[in-house]
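Colleague: I am new to this one. Please take me through the labels and say what each rests on.

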Amino acid sequence: MRLRFFGCLLVVGSFFAAQAFAHVGLMPRRGVSGTHHVAFSVRAPVEKEIPTVELKIEIPSEWKDAGGQVDRVEYNPNWQIEIERDEDDWIKTVRWYGNEAPDYSYIQFGMIITLPELEGMQQIKAWQKYSDGSVVAWIEDRSEEGVEKPAASLMLTDGEESGGTSMVSLGLSGLIGGLLGAG
């Protein structure tokens, strides 16, 4: 009986794990607003039974006014890179193409980014093209319910929320609360 329970748990868990990885994502998923030259990866699992042949991301235009930008794109000898810039030479889109990632794999490309002076969830639109010419657009707003193709996301916080001063404040408040409770 126990074996059946764990078997069912494994099947259900693997379904949800597959759903969690079934979209284009940014790694790490969090960053500190305004931080310069942070290494990120764009990761895209191949979800169809045919190869992925292209991945394109679009940097949100509001990042430009907030000081955010793509500083560098990692060189990958297996893929070609196309960068689209605006009139101020600011990078708007990055596209990787010219190779294939088979159906059981994922592709991952590195970038160095200066994060914008913004807080909250930032969404990066992405398009994944397959060998049959079909394109999956990962552009839906993550904050809405029922989205099937969510944009990649990055949570930006101020420096205190990410563990610095706020952890000290939390520790001190716990200490004071403990002392008051003991009294």
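**Rings and burial**

Modeller: Trp96 has a relative accessibility of 0% and therefore counts as buried, since buried means under 20% relative accessible area, exposed over 50% and partly exposed in between (1.4 Å probe, protein chains only). This is a predicted model in which local features need pLDDT of at least 70 and side-chain atom pairs count only at pLDDT 80 or more, while totals for chains, interfaces and linings use all residues. Residues are numbered from 1 along each chain as its sequence is written, and side-chain values use heavy atoms, with hydrogens and water left out.

Colleague: How many aromatic pairs does a search of the whole structure find?

Modeller: The search gives 2 aromatic pairs. Rings of Phe, Tyr and Trp (its six-membered ring) pair if their centres lie within 6.5 Å; planes under 30 degrees apart count as stacked, over 60 as edge-to-face and the rest as tilted.

Colleague: Why is the pair of Trp79 and Phe109 called edge-to-face?

Modeller: The planes of Trp79 and Phe109 stand at 80° with the ring centres 5.5 Å apart, so the pair is edge-to-face. Trp79 lies in the loop between strand 5 (69-73) and strand 6 (80-85) and Phe109 in strand 8, so this pair ties together parts 30 residues apart in sequence. Strands (E, at least two residues) are DSSP runs, numbered from the N terminus.

Colleague: What makes Trp79 and Phe109 count as buried?

Modeller: Trp79 has 9% relative accessibility, so it counts as buried. Phe109 is buried because its relative accessible area is 3%.

Colleague: What makes the pair of Trp96 and Phe109 stacked?

Modeller: Trp96 and Phe109 have 5° between the planes and 4.6 Å centre to centre, and the pair is stacked. Trp96 is in strand 7 and Phe109 in strand 8, so the pair joins parts 13 residues apart in sequence. Ring pairs link Trp79, Trp96 and Phe109 into a cluster.

Colleague: Why is Ser105 called buried?

Modeller: Ser105 has a relative accessible area of 19%, so it is buried. Ser105 lies in the loop between strand 7 (91-101) and strand 8 (106-114). Leaving aside neighbours within four places in sequence, Ser105 is in contact (heavy atoms within 4.5 Å) with Pro45 and Val46.

Colleague: What is the average pLDDT of the protein?

Modeller: The average is 83, and 75% of the residues score at least 70; pLDDT is the predictor's confidence in each residue, from 0 to 100. Over residues 2-21 the pLDDT is below 50, and that stretch has 1 contact in the model beyond near neighbours in sequence. Where pLDDT is low, the predicted coordinates should not be read in detail.

Technical notes. Helix = DSSP H or I, 4+ residues; strand = E, 2+ residues; numbered from the N terminus.
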